[in-house]
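Hi everyone, thanks for coming. Let me put the structure up before I start talking.

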Amino acid sequence: MTDFERWLKPSRALSPVPKSNLYYQTKSHRSSKLFWRMKSRRAKSDNSRATTMIEIIKPPTDYRSYRVVILPNGITAMLISEGSEDDTDMMEVDDELQEAAAALCIGVGSFSDLPEIPGFAHFLEHMVFMGSRKFPQENFWDAFLSKCGGESNAWTDCERTCFYFVCPVNSFKKAIDIFAQFFISPLFNKNSVDKEIMAVDNECRMVSSNDNERARSIISHELVEKGHPMAKFMAGNVKSLKEDPERENVNVYDKLHAFYKRMYSAHYMTLVVHSIESLDAMEAYVVKIFSKIPNNEIPKPMFIKPPFQERSLNKLIRVVPMGDVQKMEVIWALPPLMEHYRARTIEFLSLLLGHEGKGSILSALRRKQLALDIFVGNDMTGFTHNSTWSSFMISIKLLEEGIKRYDEVLAVIYQYIYMLKQKLPAHVFEEQQHIQETKYIFNEQDSIYSYVEQLAENMHMFPPEHYLCGRTLFFEYNEQLVLDCLDFLRPQGMLVMLYNKSYSNMINMAQEPWHGARYKCQDFDAPLISKLMNLSPNPHLHVPEPNPYIVTNFALVKAKKSTLYPVVVMNEVSCRVWYKKDNNFFLPTAAIHFNLISSTLSKTCESMALSDVFLTMLLQTLTETLHNATLAGYDYSVEGTPEGIMFIVGGYSEKIKTVTKDTIHALQSLEVEEEAFKSVVVHLKQVYVDSLLNPLECARAVRYSLLENKDPSIFERFEQMDELTFPMLQDYISEFYRTLFVEALVMGNLSIKDAIDIGSMLKKLVKKPLAEKDFPMPSVMELPVGDFKCLIPAINKEDTNSCVVHYFQQGLGTFLSTCLNDILSALMMEPLFNNLRTKHQLGYSVFCQPASVHAVAGFMIVVESQAHKFSMKHIDDLMNKFLADFEKTLETLPTDKVNSVIESQASLLTSEDGDLFGEASRFWQEIITGAYVFDRPDQQRQAMDLVTRERLLKWLRLMLTTDKRRKLTLMVEGCTRNNCKTTAPQTSQPLRNVNSLLKNLRTCPVNSWEPKQGEKSSGQTLGEQDYITNFCEFKTKMKILPHHVVNE
């Protein structure tokens, strides 16, 4: 009998977690109740009404009303009202400016796939959206949401499937009826089967280059016990859903209805509905509509068999990654812990083993120049956290030396584990308990779109009273349960996965059958296991010290008056500080933005490359310095631009000045070492390569390298890295600090004095003020009139994913051009998706969006596809044809639909900021761009009133008229069956090839334009005049547009 089976035996005395009264009374230091309890209401007990369930516990800052009811058919529904519980006491709101949302989650997922059709549950999720008896049109749902400005999505996990949508309140009643019909009487149109199989296949291929997905496939294929549902291929593709079933005479379509009736039963479902109506009104139509979903009265499928035997998990697997990464993952199998959520065991161990401050595993490894970053815990997806097991993983981003000495890395990990077994630091749990309670009480509200999705899943995981807080709170400390789990973290039961490109040269590599991941699996050497079991204590390791950033004062600062927009409260030659007291959210939070403006950064490509090195080393220092602050609820970010280095600090107002002071101190006292410099240079080259492996990101990088005047491209920075020396970095840092100007924004629950104090701290960074006339300003290159194409081979020679981007540059932006692009995107999205994705099946991702660059207006249309399915020319031709046809679509579109979309976009402009940090970010953009249009939404709303169909058509025709438009087509072509490499390229070689390509870009290879199977040849031969044949020469002919801000 394994440890897993012993754990799962009913006779085993698990460490009990006693009931707590934490949520019904206060802790001694609080003067008011911690959480409010919603009053229950009895419903009439008949078949036409729902049964009201237990109360829901919610924080006092949540003004919404909640009700949980069970529908007559067994659906558990949560109703959320923005108003009060009484019809007569509803909030007065403009329903054109409000959104409503709903989510339905089914307690069945890919674990329940038919054995003969892997991926069938995921396929069913796709087919559900393809019409119902009441609304039979295939794209009726997408068209409806597009018209009203809504959106929807769905996902399939191992044991759950979730569908959700959001739309304006005035369209919600119709939307929820359409939505419900998918589960009452779905059509499963036979004509949609092949199209949705291809959609699933495209989705699978898009993620097949993701190293995390590939690793899971290796685990499923190599290590999971046969017969366990985790051993199956769950994503689905054309092979599992079409080719294999046809070969075995299995009719996929015939299986759909039976599978739906078995798995989509009402009593497996949870439903969340969020609107502005009263709870009684919502309950009435929810019961009326959703009670029609059938209940098959069959018990839900259950899975309890453990996925691993300890001996099967005790392996070393070397993996050839798609990305240019050096990483080690150590994975242990814990028993399923979902029922023990109150103890937060995984999260507590993650806090300890994943701590990044002094004395941590990461700190010790960085000291040895072995590692850069660490992630510990469980991602809480269905694969790693389900009813059969809970994964515990330590993932470490290693330096080159770390991969070679991975045994030393393992030794440090086990030294920390053994230290914890001696004495657990209970104070860390108590701190986190307080932190999470505070966060739960004062948490800014999520968008209702993501909120309903999360709650619908929560209802499958937690009891009703914890639907809202079950994911968040640390309920009780259970030391014995933690020690029980630590016993599973032993050398004999660990799986170690090492990722390195150099493994491609190893012999006898295995290949996972679905994603093609290549790996080598072997047993551990007995001497290494013995060594790891007999380690001496490490003096550099210790448990976390008490957290000095924990907040206890939540008082709101009083102000004599508050302003609608930020105002300048400090204006000196070296520093300018903007300030705004919060008068919208009334929470004890604050946001501080500051920009260190320097003329050093944008001087040369060398200086920008050195800036990247400097920022990386600074971030490593801040990680250790501010880790406790991040645990206590503070966030920070650092971003380098050609104009300066921007910092954002956000969190509770009580200690935000302390966090800011520590950030500034880290800047002032940063000490760089040569060995660390060398490691960072190697690391950044890998980061550059990784950022370009995704074809769309590669296209974006090429576009910016063409359009940006001062910001060197990733390609140029990569080349520059080999030229950098440590003395150059030292000189750069000195020069950066020599001449500076600091601009800051202080917002939230802080006083003017606090803002001035922060400005005084920032002033100390400045040795010599940078004159405002010398501020570097971003500028954009103007595309010449005409159509220009650029074909680039994908960097990853094993990836079939490709993309085609049509980018239109539209001149200096205005309020009106911004509105026109927003409306054009909203009108175009649904027909674009329906035409290129649904009808032509070009790829899973098809979209359009505005694409402004430094206030120069732009618009782009994107198709992500696979090179072995369609040629670049075929995709390009269909995109051009769609745009030409869309002009006719817009001409004939009913006026009420055009006006409806305009009104929906206008309502988005009127929507309030979701939280303080969103508001601060909006104001900060106005400051750093120099536009200072703090009432931009109002200004754009006025411009929106000027938009008519005629203006839209005129605007669209600028993109269609070849003698006026400025168009750039970027095509990143993945590998085809003929040109895919079976071995990974050398680390730096791909980028060097692309960089040389950009310097002297030649015409496309002929086979890129040959039609694939099923395509029709246009009979045209494209010549060099259609391409940019010399990148640098082309750029020299472009003129620089004047620096511009959108302020009219």
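Predicted model: local features only at pLDDT ≥ 70, side-chain atom pairs only at ≥ 80, totals over all residues.

Residues are numbered from 1 along each chain as its sequence is written, and side-chain values use heavy atoms, leaving out hydrogens and water.

So, which residues touch the most other members of the largest nonpolar core? They're L596, V613, F614, Y634, L729 and F736, out of 104 residues. By nonpolar core I mean buried Ala, Val, Leu, Ile, Met, Phe, Trp, Tyr and Cys residues joined through side-chain atoms within 4.5 Å; buried is under 20% relative accessible area, with a 1.4 Å probe and protein chains only. Helix 19 (residues 605-631) gives the most to this core, eleven residues. Helices here are DSSP runs of H or I, at least four residues, and strands are runs of E, at least two, numbered from the N terminus.

Now helix 20, residues 656-669. Buried residues in helix 20 include I656, V659 and L667.

Last, the sheet: five strands, open, mixed pairing, in the order 25-29-26-28-27. Pairing takes at least two DSSP bridges between two strands. Strands 25 and 27 are the edges, each pairing on one side only. Strand 25 runs parallel to strand 29, with eight bridges joining them.

Methods:
Buried < 20%, exposed > 50% of the residue type's maximum accessible area, 1.4 Å probe, protein only. Expected span 1.5 Å × (residues − 1).
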